Amino acid sequence: MKVAIAVLCLMWLCSCESRTLGRCDVVRIFRQEGLDGFEGFSLGNYVCTAYWESRFKTQRVRSADTGKDYGIFQINSFKWCDDGTPGGKNECKVPCSDLLQDDLKASVECAKLIVKAQGLKSWDTWDSYCNGRKMERWVKGCEER
């Protein structure tokens with residue numbers, strides 16, 4: 001019985017931890033989801049932004065000035081997703097919890113809407129750490145086979 005309880009506790013602890021994707025996993029998923037060249041930005045720009053926003057942690061949630069920031073792109077709940085934040089707009093038409101999925105589909109689709117509306121400048125980290133820098137390093141060694 002004690003072993004069963006210990007196993008259940010370990011399983012619960014593992015499910016609570018944020019999953020961190022590898023850089024090449026992020027490159028592969030972003031490429032599959034159509035981010036390479038999206039709105040004129042190279043794939044490296046999106047990988048760089050995701051790294052500086054979340055360190056590739058898919059389930060990262062942080063408090064923000066208004067609402068919370070969710071997922072690999074740290075998308076804000078006040079404007080872009082729904083977590084019950086008072087006055088929230090949910091412009092991506094998605095529950096914020098969907099932005100925490102490891103397949104990144106909802107995160108990428110919402111990020112595309114943000115980039116179409118505001119460009120990558122919507123993310124301060126892109127402007128501070130990615131804009132105007134060489135982006136090849138973010139995809140180097142992750143070529144498709």
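Predicted model: local features only at pLDDT ≥ 70, side-chain atom pairs only at ≥ 80, totals over all residues.
The buried residues of helix α4 pack against α2, α3 and β3 (75-76).

**Helix α4**

The residues of α4 that are buried are A106, S107, V108, C110, A111, K112, I114 and V115. The helix covers residues 105-118, which makes 14 residues. After α4 comes G119, which has a positive phi, near 75°.

**The nonpolar core**

In soluble globular proteins, nonpolar side chains tend to be buried together. Here the largest nonpolar core has 39 residues. Which residues have the most contacts inside this core? They are F30 and F73. Helices α2, α3, α4 and α5 each supply at least two residues of the core, and α4 gives the most, with 6 residues.

Leaving out residues up to four places away in sequence, F73 touches F30, L35, Y46, T49, A50, E53, S107, A111 and W123. Two of these contacts, S107 and A111, are among the buried residues of α4.

**Aromatic pairs**

Aromatic rings whose centres lie within 6.5 Å are counted as a pair, and the count comes to 8 aromatic pairs.

| Pair | Centre to centre | Angle between planes | Type |
|---|---|---|---|
| F41 and Y46 | 6.3 Å | 85° | edge-to-face |
| F41 and W126 | 5.6 Å | 85° | edge-to-face |

Planes over 60 degrees apart count as edge-to-face, so the 85° between the rings of F41 and W126 puts that pair in this class. Why does the pair of F41 and W126 tie together parts that are 85 residues apart in sequence? F41 lies in the loop between α2 (23-32) and α3 (43-54), whereas W126 lies in helix α5 (residues 124-130), so the pair joins these two parts.

Are F41 and Y46 buried or exposed? Both F41 and Y46 are buried. W126 has 8% relative accessibility and therefore also counts as buried, as the cut-off for buried is under 20%.

Elsewhere, ring pairs link Y51, W52, F56, Y129 and W138 into a cluster.

**Charges over rings**

W138, one of the rings in that cluster, has the charged end of R137 over its ring, 4.6 Å from the centre. K112, which is one of the buried residues of α4, lies over the face of F38, at 5.5 Å from the ring centre.

Note on methods:
Residues numbered from 1 in each chain as written. Heavy atoms only, no water. Phe/Tyr/Trp six-rings, centres within 6.5 Å; stacked < 30°, edge-to-face > 60°. Buried < 20%, exposed > 50% of the residue type's maximum accessible area, 1.4 Å probe, protein only. Helix = DSSP H or I, 4+ residues; strand = E, 2+ residues; numbered from the N terminus. Lys NZ or Arg CZ within 6 Å of the ring centre and 35° of its normal. Expected span 1.5 Å × (residues − 1). Contact = heavy atoms within 4.5 Å. Core = buried A, V, L, I, M, F, W, Y, C linked by side-chain atoms within 4.5 Å.
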